[in-house]
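Visitor: Could you take me through the aromatic pairs, with a close look at one of them?

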Amino acid sequence: MSNQPPVLGPDGVARPYIGGQALIEGVMMRSPHSFVAAVRRQDGSLVLREKSMPDLRRGVRAWPLVRGVMGLVEALKLGSEALRFSADVYERDMEASEARTGAPEQPAEAVKGSVKKPSVLAALSLPVIALLTTEPADLQALDSGDKPDPKRKLFTVLAVLFAIGLFIALPQAFAWGTSSLLGLDLDVREPRFQVLTGLGKLIIVIGYMLAIRRMPEIYRVFQYHGAEHKSIYVYEAGEELSVANARLKTRLHPRCGTTFLVMVALVSIVVFSALGPLMPQLGLGRLGDNLLFLLMKLPFLPVIAAITFEIQRLLARRCSTGPLRALLWPGFLVQKITTIEPDDSQLETALAALRGTLDNEANGDRQAPVVERSFEGYDALVNARS
């Protein structure tokens with residue numbers, strides 16, 4: 001059973017917690033015991049990958065702080081599996097299209113400027129996109145059963161190094177450079193240096209998201225991110241899972257991974273300000289001290305993730321309505337970058353994933369294997385599951 005509490009809707013009904021993530025031409029949804037990834041194919045049809053999830057949240061895993069670390073690790077694993085599934089479906093469509101015509105086609109439901117073959121930067125960004133578009137809260141690990149692929153392992157390592165360099169090393173370099181440029185000559189151990197680092201992290205994260213948003217393939221992922229949020233709002237409100245209802249909902253959600261990353265930057269200022277004075281004085285000079293402190297930061301990343309998880313969990317539960325909602329606005333402002341208004345076909349895809357996981361959760365089959373199902377469209381899926 002999920003350690004995330006049920007969501008109390010405006011009608012007073014408590015519903016099982018549902019989370020999701022944007023994919024390549026699709027959306028993943030998961031409930032406490034079910035996982036469904038829905039992908040829109042080039043011909044307009046929908047393919048769903050479904051799996052019942054085991055109960056992985058007992059004992060120590062459910063403890064405060066521990067659950068935050070486990071949630072982040074499992075978010076990366078499940079998100080990577082779901083993204084790989086969506087990429088595989090899209091690549092199969094591209095190969096089939098090229099075999100027929102000699103040139104790749106665009107998805108039948110895609111808007112102008114839709115995705116082609118992802119660029120290297122876009123591909124390296126996918127693990128980061130997984131964090132930006134998912135909820136780092138109580139995700140379950142997925143065992144796809146696929147054999148290890150050395151190329152995929154290497155790519156994963158490169159993607160992790162890319163993220164560390166972008167969100168950890170570069171902000172510290174920003175603080176060091178800014179301190180020198182302004183003549184502040186701040187020591188890496190000082191709290192003011194950590195404030196500069198946190199500021200640099202926010203600037204880099206926002207600038208990075210604005211930059212990748214301009215890529216057609218990422219732009220569409222962000223549209224599916226908006227569709228995911230709108231669909232979950234319809235479910236939490238107890239309304240019919242229809243495109244008409246989803247279209248009216250906001251695309252900003254308090255449990256979003258984008259908000260999580262913004263809060264990580266703020267929490268890191270406090271944690272590393274406390275850690276700075278503990279760094280030994282080894283006489284390594286400015287460059288040596290910066291490298292040493294960078295290495296010291298890495299083991300504390302799970303601590304920051306755990307603290308941020310608990311803070312976001314509390315804010316999402318206590319501040320979703322009323323004047324305290326103002327505390328969520330920093331995250332909402334950045335979500336305006338990572339969520340884009342979806343079209344109706346994207347809303348249908350998100351609703352298809354949501355219907356799938358809700359049906360599986362209601363059926364209660366905990367031993368079902370991974371299953372792939374195809375439907376001509378959303379209406380066909382609704383009729384088949386009625």
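Visitor: Is Phe 332 buried or exposed?

Guide: Phe 332 is buried, with a relative accessible area of 1%; buried here means under 20%, exposed over 50%, and partly exposed in between, using a 1.4 Å probe and protein chains only. Before going on: this is a predicted model, where local features need pLDDT of at least 70, side-chain atom pairs count only at pLDDT 80 or more, and totals for chains, interfaces and linings use all residues. Residues are numbered from 1 along each chain as its sequence is written, and side-chain values use heavy atoms, with hydrogens and water left out.

Rings of Phe, Tyr and Trp (its six-membered ring) pair if their centres lie within 6.5 Å; planes under 30 degrees apart are stacked, over 60 edge-to-face, and the rest tilted. Both residues sit in helix H10 (residues 329-338), three residues apart, about one turn of the helix. Helices are DSSP runs (H or I, at least four residues), numbered from the N terminus. Trp 329 itself is partly exposed, at 38% relative accessibility.

Stepping back, the whole structure holds four aromatic pairs. Another of them joins Phe 162 and Tyr 208: the centres are 6.3 Å apart and the planes at 55 degrees, so this one is tilted. Phe 162 belongs to helix H3 (residues 150-181) and Tyr 208 to helix H4 (residues 191-213), so the pair ties together parts 46 residues apart in sequence. Tyr 208 is buried at 9%, while Phe 162 is partly exposed at 22%. Together with Phe 167, they form one aromatic cluster.

Note on methods
Helices (H or I, at least four residues) and strands (E, at least two) are DSSP runs, numbered from the N terminus.
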